[in-house]
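Here is a walk through one protein model, sheet by sheet and then out into the loops. Have the sequence and the 3D view open while you read.

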Amino acid sequence: MFAQMEAVRLEALHLAHDPATGMRAVIAIHNTRLGPALGGCRFLAYADEESAIRDAMRLAEGMSYKAALAGLAQGGGKAVIMRPPHLNDRAALFEAFGRMVDSLGGRYITAVDSGTSAADMDCVARQTTHVTSTSQGGDPSVHTALGVFAGIRATALARLGSDDLEDLRIAVQGLGHVGFALAEQLAAAGAELLVSDHNPGLVQLAVEQFGAHPVPSEALLATPCDILSPCGLGGIFNSLTVAQLRCAAVAGAANNQLSHPGIADELEARGILYAPDYVINSGGLIYVSLQHEGAPPERITAQMQEIPRRLTDIYAHAQAEKRSPARVADQQAERLLFG
Ligand code: NAD
């Protein structure tokens with residue numbers, strides 16, 4: 001286990017079991033150099049505890065990189081609660097998790113993630129103040145979408161010479177919390193929208209509300225467009241899918257879009273400008289982090305403007321150094337995290 005921690009430079013790993021509720025939880029704290037670790041809490045069924053721990057460690061590392069390049073005084077962490085086969089009292093389980101979070105004295109701040117909701121965070125908040133994205137806080141996805149929209153404009157400027165999205169063909173994969181709000185902004189900016197989602201109801205809504213053109217899910221990546229915006233699941237780019245792309249740039253919300261770091265170089269070799277996912281999708285994190293701090297709305301707005309500014313800076317370095325923006329982003333984050 002220590003070798004695995006060392007491999008991702010993880011600071012601490014906490015495990016807890018609550019016999020009364022059956023809660024089995026992992027909290028991974030990756031890096032607190034810039035501030036307390038912030039990151040969501042997953043509540044999913046895992047095959048075994050090894051996979052749960054690995055997931056927490058990997059995701060915590062990603063949060064450190066995201067917070068660092070978002071300019072936040074925040075480190076990276078992640079919690080995973082292994083979903084039991086039979087759940088008797090969900091509220092009691094999340095209260096037990098809240099006590100675990102509280103026992104860390106603020107070194108880790110939790111939030112909503114896959115399988116958890118604002119209502120779960122309300123239960124956590126009964127036991128600790130080190131929690132964000134409760135039902136009082138509002139949906140961070142809207143802020144993620146705002147950041148992605150600003151990032152798409154910065155990407156269009158860097159790759160196509162103008163940040164005017166009017167008549168650009170933009171393909172959005174996934175019309176969930178982020179993708180739908182993004183599609184709305186892109187349509188308002190005059191973009192020609194191509195959309196796909198496994199849920200036909202969401203596609204129909206985008207067609208009716210924004211005049212979007214529906215594309216079958218399996219065809220979207222290969223559809224000719226100016227900008228492809230992945231807003232569904234991660235891991236969608238591998239050597240096969242990169243070879244199919246017919247876009248000038250990729251800029252979307254999905255986490256961990258590259259199946260491995262070398263894929264960034266393959267995108268670069270094809271002349272496709274890639275917006276590093278953890279930079280362009282950091283709007284939700286900025287919102288929950290600053291809201292937790294009690295920052296005024298104008299400070300949140302100012303920090304959100306860091307997203308296109310940071311991307312523009314990354315693109316300039318990438319172009320000058322003939323490297324992928326993903327490599328540049330990693331290097332910038334590592335400088336902040338490890339000196
Ligand atoms: P969501 O679950 O609300 O929506 C995802 C949508 O994508 C679903 O409607 C799903 O049907 C669709 N989808 C998945 N795979 C698809 C595919 N191959 N083709 C077409 N449609 C597909 O999720 P979300 O909150 O909108 O987040 C979207 C992505 O952005 C995720 O990868 C998430 O990790 C990442 N992200 C979200 C936030 C946030 O604030 N919600 C912040 C940062 C990153």
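In what order do the 6 strands of the open sheet with parallel pairing stand? The order is E8-E7-E6-E9-E10-E11. Strand E8 (213-214) and strand E11 (273-274) each have a single partner strand, so they sit at the edges with one side left without a neighbour in the sheet. Two strands count as paired here if DSSP finds at least two bridges between them, and the helices (H or I, at least four residues) and strands (E, at least two) are themselves DSSP runs, numbered from the N terminus.

Before going further, a word on the ground rules. This is a predicted model, in which local features need pLDDT of at least 70 and side-chain atom pairs count only at pLDDT 80 or more, while totals for chains, interfaces and linings use all residues. Residues are numbered from 1 along each chain as its sequence is written, and side-chain values use heavy atoms, with hydrogens and water left out.

**The parallel sheet**

Back in that sheet, strand E6 (residues 169-173) and strand E7 (residues 192-196) run parallel and are joined by 5 bridges. Arg 169 has Glu 192 in E7 as its bridge partner. Helix H5 (residues 141-160) lies across E6, strand E9 (227-230), strand E10 (249-250) and E11. Helix H7 (residues 200-210) lies across E7 and E8.

**The mixed sheet**

There is also an open sheet of 5 strands, in the order E1-E2-E4-E3-E5, with mixed pairing. Its edges are E1 and E5: each has a single partner strand, so one side of each is left without a neighbour in the sheet. On average, neighbouring strands of this sheet are turned by 25 degrees against each other, direction ignored. Strands E3 and E5 run parallel, with 5 bridges between them, and Gly 40 stands opposite Ala 111 in E5. Helix H2 (residues 49-69) packs on this sheet and touches E1, E2, E3 and E4. Helix H4 packs on the sheet too, touching E3 and E5.

| Helix | Strand | Angle |
|---|---|---|
| H5 | E9 | about 150 degrees |
| H7 | E7 | about 165 degrees |
| H2 | E4 | about 155 degrees |
| H4 | E5 | about 150 degrees |

His 17 stands opposite Arg 24 in E2. The two strands form a hairpin with 4 residues between them, and Gly 22 in the turn has a positive phi of about 80 degrees.

**Helix H3**

Which parts of the fold do the buried residues of H3 pack against? They pack against strand E1 (12-18), strand E2 (23-31), strand E3 (37-44), strand E4 (75-82), strand E5 (108-112) and helix H4 (118-125). The buried set is Leu 93, Phe 94, Ala 96, Phe 97, Gly 98, Met 100 and Val 101; buried means under 20% relative accessible area, exposed over 50% and partly exposed in between (1.4 Å probe, protein chains only). After the helix comes Gly 105, with a positive phi near 65 degrees.

**Loop residues worth a click**

Ser 133 isn't a glycine, yet it has a positive phi of about 50 degrees. You'll find Ser 133 in the loop between H4 and H5, buried at a relative accessible area of 6%. Lys 322 isn't a glycine either, and its phi is positive at about 50 degrees. Lys 322 sits in the loop between helix H13 (306-321) and helix H14 (325-338), and it counts as exposed at 73% relative accessibility.

Gln 257 is in the loop between E10 and helix H9 (263-269). Is Gln 257 buried or exposed? It counts as buried, at 0% relative accessibility. Leaving aside neighbours within four places in sequence, its contacts (heavy atoms within 4.5 Å) include Pro 230, Phe 237, Val 250, Tyr 274 and Asp 277.

**The whole protein**

Altogether the protein has 14 helices and 11 strands. Buried residues make up 53% of its 339 residues.

Notes
Axes fitted to C-alpha atoms, helices over the stretch in contact; angles between N-to-C directions.
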